[in-house]
Amino acid sequence: MEVVMIVVSLALLVTIAYKGFSVILFAPVCALVAASMAEYHLLPAYTDLFMGKAVVFVKSFFPIFLLGAVFGKVMEETGMARSIAEFVIQKLGKDKAILSVMMVCIILAYGGVSVYVAVFAIYPFAASIFREANIPKRLIPAVFAYV
């Protein structure tokens, strides 16, 4: 029964994210929903289970995210990511925005750049390409997840 409640709260979180609300703000709320439906005591479930696991996640992956953001900013400032993105868009065309963003991510990933770093480097270009193609920006993470 607990698995069903977890799936329900995860579906709620996905729906909230799809509507454009912040996942960072609503993840604890959905965790509390799952805990309340599983008849846990809410405060211990929040402080011990949710926050404990969140701290382990941040502790494990913070260096990757931090260095990825720095390297992505370096790639953005030096123009390396822009030149790769412009080359791919020129070859594929703006009407194939999703495929263009995927190809840029694939090129960077096979070039030795971590996918976490590629996300930081490519997001500004993906946002502008999607805006020009009238594709919602909320679909950009799906393109990154495909790679």
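**Exercise 1. Determine whether Asp 95 is buried or exposed, and identify its salt-bridge partner**.

Solution. Asp 95 has a relative accessible area of 65%, and is exposed because the cut-off is over 50% (buried is under 20%, partly exposed in between; 1.4 Å probe, protein chains only). The model is predicted: local features need pLDDT of at least 70, side-chain atom pairs count only at pLDDT 80 or more, and totals for chains, interfaces and linings use all residues. Residues are numbered from 1 along each chain as its sequence is written, and side-chain values use heavy atoms, with hydrogens and water left out. The partner is Lys 96, with the closest N and O atoms 3.9 Å apart; a salt bridge requires a side-chain nitrogen of Lys or Arg within 4 Å of a carboxyl oxygen of Asp or Glu. Lys 96, at 40% relative accessibility, is partly exposed. The whole structure contains 1 salt bridge.

**Exercise 2. Classify the orientation of helices H1 and H2**.

Solution. The axes of H1 (residues 2–18) and H2 (residues 23–37) come within 9 Å and cross at roughly 155 degrees. H1 is therefore roughly antiparallel to H2, the class for angles over 145 degrees. Residues in contact (heavy atoms within 4.5 Å) include Leu 12 of H1 and Phe 26 of H2.

**Exercise 3. Classify the orientation of helices H4 and H6**.

Solution. H4 (residues 80–92) and H6 (residues 115–132) pack at about 40 degrees, their axes 9 Å apart. The two helices are therefore oblique, the class left after under 35 (roughly parallel), over 145 (roughly antiparallel) and 65 to 115 degrees (roughly perpendicular). Ala 81, Arg 82, Ala 85 and Ile 89 of H4 meet Ala 121, Ile 122, Phe 125 and Ile 129 of H6.

Methods: Axes fitted to C-alpha atoms, helices over the stretch in contact; angles between N-to-C directions. Helix = DSSP H or I, 4+ residues; strand = E, 2+ residues; numbered from the N terminus.
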